[in-house]
Amino acid sequence: MFPELQILHCYRTFYPESQGGLEQVILEVAQKTDKCGVLTLADTPANLNLNGRLPVVAKKRWFSIASCCIGPGFFGALYRSKAKLLHFHFPWPFGDLAYFVAGKSRPLVVTYHSDIVRQRLLGAIYRPLMRWFLARADRIVATSYNYLESSPVLAAYKDKVKVIPLAVSEDGYPESSDKTMKGLELQFGRDFMLFVGVLRYYKGLEFLIRAAANQPYRVVIAGKGPEASRLKSLVDKLGASNICFAGFVSDEEKVALMKLCRAVVFPSHLRSEAFGVTLIEGLMNSKPLISCEIGTGTSFVNQDGVTGHVVRPADHLALREAMDDLWSDAVKAEEMGRAGRSRYERLFTADKMAEAYHQLYREVLLERGVVD
């Protein structure tokens, strides 16, 4: 199934079937780690080498309950893998169970991406397994100090939590061709407000739509997801002809949209949004950011008044005020974009993130006496 592995990343979704921010982060770390692989679930099972060098095994996804993907074939694949260290990404209750059944007590690193926010009843049922899983982890990684300080779950494990911010590699993005740039400019124009991401309940897109309806600037919403139909119905109801849905976009198209836009808007209003890789992409592309204060890593990425605006969550009037400000003051937008680029280079490059994880893997393996 896998070649001889040192590290195995385990998560419910991955490339090429799912291309969200979390999957991007796993890809960045895994591709920069020798003898690394990814074990995941997918509608169509497959064994492949992503980008020609990263082994990925996707077992059959049987069904999902409250975003928790389930596929019993994952158990056998995990048990048979020869990885010396397992790196799970939380939350994924089925993953906790998989480690309990098939992890064979191997060294365990858990990246804690988010508290469980919405599924309170299921969360109460799951809590004993979650506590066992986190207690069993050799290290837990929080993606920002903001989240570490605000998460009641992480507070119980502070003695073994390490903070490693998420990051992206500029080299991983293609150059946008003139044809792509011209095609998207013809379709959407320039200086629009841009959202890129999966259209999920916690992304706050309803508030963005209400904020932007019939304003003098365009808003481009790029991505697909379970909220798409509801959001399009809201746009129709409001008669908001300035709001455009781009659907799923390729990496090349995303780069082009980033270059064409005035600002990146990330209106997530719930703690399910722990970080926001799109915000890092905005910094990387020298664009000002608009995000909400939800006590997570989004406000670590976006510094209010420096790299953009941080506003109250679930407040369409606050979002509108922030967009109006950047729309009316192009000089301020450019200054914030330059500050964002400097912040990206200082804190959010993939090389910095990967090196931090490599050091963490070495520490855990040495502590456990698992060495070559």
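**Close-up 1. Buried residues of helix 1 in the predicted model.** The buried residues of helix 1 are Leu22, Glu23, Gln24, Val25, Ile26, Leu27, Glu28, Val29 and Ala30. Buried means under 20% relative accessible area, exposed over 50%, and partly exposed in between (1.4 Å probe, protein chains only). Helix 1 spans residues 21-31, and nine of its eleven residues are buried, so the rest of the structure largely encloses this helix. Helices (H or I, at least four residues) and strands (E, at least two) are DSSP runs, numbered from the N terminus. This is a predicted model: local features need pLDDT of at least 70, side-chain atom pairs count only at pLDDT 80 or more, and totals for chains, interfaces and linings use all residues. Residues are numbered from 1 along each chain as its sequence is written, and side-chain values use heavy atoms, with hydrogens and water left out.

**Close-up 2. Serine 268 in its loop.** Serine 268 lies in the loop between strand 14 (263-266) and helix 10 (277-284). Its relative accessible area is 2%, so serine 268 is buried. The side chains of serine 268 and glutamate 273 are joined by a polar contact of 2.9 Å. A polar contact is a pair of N or O atoms within 3.5 Å; within protein, one must be able to donate a hydrogen and the other to accept it, and residues adjacent in sequence count only if both atoms are side-chain atoms.

**Close-up 3. Phenylalanine 188 in helix 6.** Helix 6 (residues 178-188) contains phenylalanine 188. This residue counts as buried, at 4% relative accessibility. Leaving aside neighbours within four places in sequence, phenylalanine 188 is in contact (heavy atoms within 4.5 Å) with Arg218, Val220, Cys244, Ala246 and Leu257.
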